[in-house]
Amino acid sequence: MTDAAKVSVDGKDFDYPVMSGTVGPDVVDIRKFYAQTGDFTYDPGFTSTASCQSKLTYIDGDEGVLLHRGYPIGELAEQSSFMEVAYLLLNGELPAADELSQFEHTISRHTMVHEQLATFFRGFRRDAHPMAILCGVVGALSAFYHDSTDIHDPVQRTIASHRLIAKMPTIAAMAYKYSVGQPFLYPDNSLSYTGNFLRMTFGVPAEPYEVNPAVEKAMDRIFILHADHEQNASTSTVRLAGSSGANPFACMAAGIACLWGPAHGGANEAALNMLREIGTPDRIPEFIARAKDKNDPFRLMGFGHRVYKNYDPRATVMQKTVREVFDALKVNDPLFDTALRLEELALSDDYFIEKKLFPNVDFYSGVILSAIGFPTSMFTVLFALARTVGWVAQWNEMITDPDQKIGRPRQLYTGPTQRSYVPVGQR
Ligand code: ACO
């Protein structure tokens with residue numbers, strides 16, 4: 001605590017403590033504000049409100065910095081693995097070699113799903129969006145794994161966390177297989193977390209599947225880039241759902257529902273669809289003009305971010321990864337050239353400069369995922385798979401936080417004041 005913030009309400013002065021983290025803006029502790037002043041604060045979209053304390057992830061949006069437990073995302077993406085980052089987020093420190101292999105072993109022993117879960121998929125239409133399936137199936141896990149739903153038991157919390165991280169690739173791959181009418185593949189625990197996911201998605205039982213190491217590395221890196229992002233909309237949803245004591249599987253389903261929206265996880269799908277609609281670089285000015293037109297709801301998808309007012313550091317890694325995947329698969333999607341040109345033109349346009357709108361992580365991810373062979377409807381599913389690690393780590397942190405309370409925002413009521421009921425015949 002460093003200082004106090006003074007607030008004057010109806011001529012009376014109140015002091016509120018200012019709390020400091022290890023880095024980043026201080027926060028004014030207004031927990032007693034209502035009790036003392038009788039007023040609420042108003043902050044739709046939480047643009048100025050810290051909803052919790054957290055040790056997991058730090059973002060400096062002005063500088064384009066993203067740290068997990070203090071480690072820069074660029075270093076983790078280049079040198080680490082998704083399993084290592086998962087361990088780091090869950091436990092606070094990078095694992096020693098034996099801790100990492102034990103963790104990988106534990107996760108790989110939870111990759112299978114209850115056999116009856118397969119029948120659950122058949123209730124969905126074949127053309128169901130895989131995010132709709134994911135929402136339903138992940139929510140249903142609480143009906144299959146009763147022995148890890150007691151949130152007050154730390155052992156059950158750990159098992160649920162491992163189950164969620166381990167089973168998400170299996171469920172995501174099953175959602176894909178269901179949509180294309182191919183048989184589900186069981187996990188192969190001799191493969192890496194990411195290699196196993198690629199095989200369950202693109203392999204068929206009729207022939208052996210060989211994991212392409214360059215694609216496996218790129219995919220693992222994409223998972224790292226999406227693993228956590230502090231109090232974003234879906235993570236806040238997971239925390240809010242969890243604050244009532246809901247079980248972790250139900251909380252993850254809530255997070256998946258929130259992530260689906262085009263302003264959040266759905267943006268990578270929307271960004272690729274937009275690039276396809278633009279088609280060739282000569283049409284870019286037309287779309288930039290639309291994005292700037294106040295009367296047109298169109299926005300450049302994959303551009304802008306609530307927190308980053310600089311280049312999203314994940315987009316830098318993602319742009320590099322596009323080239324690696326293209327080289328490995330010997331493809332050259334002209335949409336990448338369109339994306340590069342769009343970025344160049346937007347970043348030299350006064351509208352985007354003034355509003356500090358830069359490419360975010362979703363701008364390039366669609367181009368890579370499409371080159372690997374994923375249909376656009378799977379993009380947000382992949383995001384959910386990776387973000388499960390962050391959701392689980394944040395959920396665990398919330399449950400053990402002594403300041404944790406049920407999340408219950410206030411409101412500014414603008415509806416009618418009290419009036420008497422009029423029977424229907426007299427209206
Ligand atoms: N294209 C054109 N104009 C934009 C864009 C965009 N992509 N993004 C923001 N703006 C403009 C807005 O019109 C607004 O202009 P105004 O001040 O004249 O009204 C201004 O920039 C600020 O925009 P807000 O929507 O108020 O900013 P906010 O922080 O609430 O929104 C968001 C951030 C939702 C990400 C927004 O930039 C957006 O819609 N981007 C496109 C969708 C997208 O890429 N989402 C992915 C986010 S990253 C993730 O979830 C992993």
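Me: What should I keep in mind about the numbers here?

Reply: The model is predicted, so local features need pLDDT of at least 70 and side-chain atom pairs count only at pLDDT 80 or more, while totals for chains, interfaces and linings use all residues. Residues are numbered from 1 along each chain as its sequence is written, and side-chain values use heavy atoms, with hydrogens and water left out.

Me: At what angle do H11 and H18 pack?

Reply: Helices are DSSP runs of H or I, at least four residues, numbered from the N terminus. Axes are lines fitted to C-alpha atoms over the stretch in contact, and angles run from 0 to 180 degrees between N-to-C directions. Here H11 (residues 248-259) and H18 (residues 379-399) pack at about 135 degrees, with axes 10 Å apart. That makes H11 oblique to H18. On the scale used, under 35 degrees is roughly parallel, over 145 roughly antiparallel, 65 to 115 roughly perpendicular, and the rest oblique.

Me: Which residues of H11 and H18 make the contact?

Reply: Contact means heavy atoms within 4.5 Å. H11 brings Pro248, Cys251, Met252, Gly255, Ile256 and Leu259, and H18 brings Thr380, Phe383, Ala384, Trp391, Val392 and Trp395. By class, that's ten nonpolar, two polar and no charged residues. Ala, Val, Leu, Ile, Met, Phe, Trp, Tyr, Cys and Pro count as nonpolar, Asp, Glu, Lys and Arg as charged, and the others, Gly among them, as polar.

Me: How do H17 and H18 cross?

Reply: The axes of H17 (residues 362-372) and H18 come within 10 Å and cross at roughly 110 degrees. H17 and H18 are therefore roughly perpendicular to each other. Asp362, Gly366, Leu369 and Ser370 of H17 meet Phe379, Leu382 and Phe383 of H18. That contact divides into four nonpolar, two polar and one charged.

Me: And what about H10 against H18?

Reply: H10 (residues 233-243) packs on H18 at about 40 degrees, with the axes 9 Å apart. So this pair is oblique. The contact of H10 with H18 has five nonpolar, five polar and three charged residues.

Me: Now the ligand: how many residues surround it?

Reply: A residue counts if one of its heavy atoms lies within 4 Å. There are 20, and the closest are Lys294, Leu300, Gly302, Arg306 and Lys355.

Me: Which polar backbone atom is 2.9 Å from a ligand nitrogen?

Reply: A polar contact is a pair of N or O atoms within 3.5 Å. The one you want belongs to phenylalanine 303. Glycine 302 has a backbone N or O atom 2.8 Å from a ligand oxygen, and for alanine 263 such an atom lies 3.3 Å from a ligand nitrogen.

Note on methods: Helices (H or I, at least four residues) and strands (E, at least two) are DSSP runs, numbered from the N terminus. A polar contact is a pair of N or O atoms within 3.5 Å; within protein, one must be able to donate a hydrogen and the other to accept it, and residues adjacent in sequence count only if both atoms are side-chain atoms.
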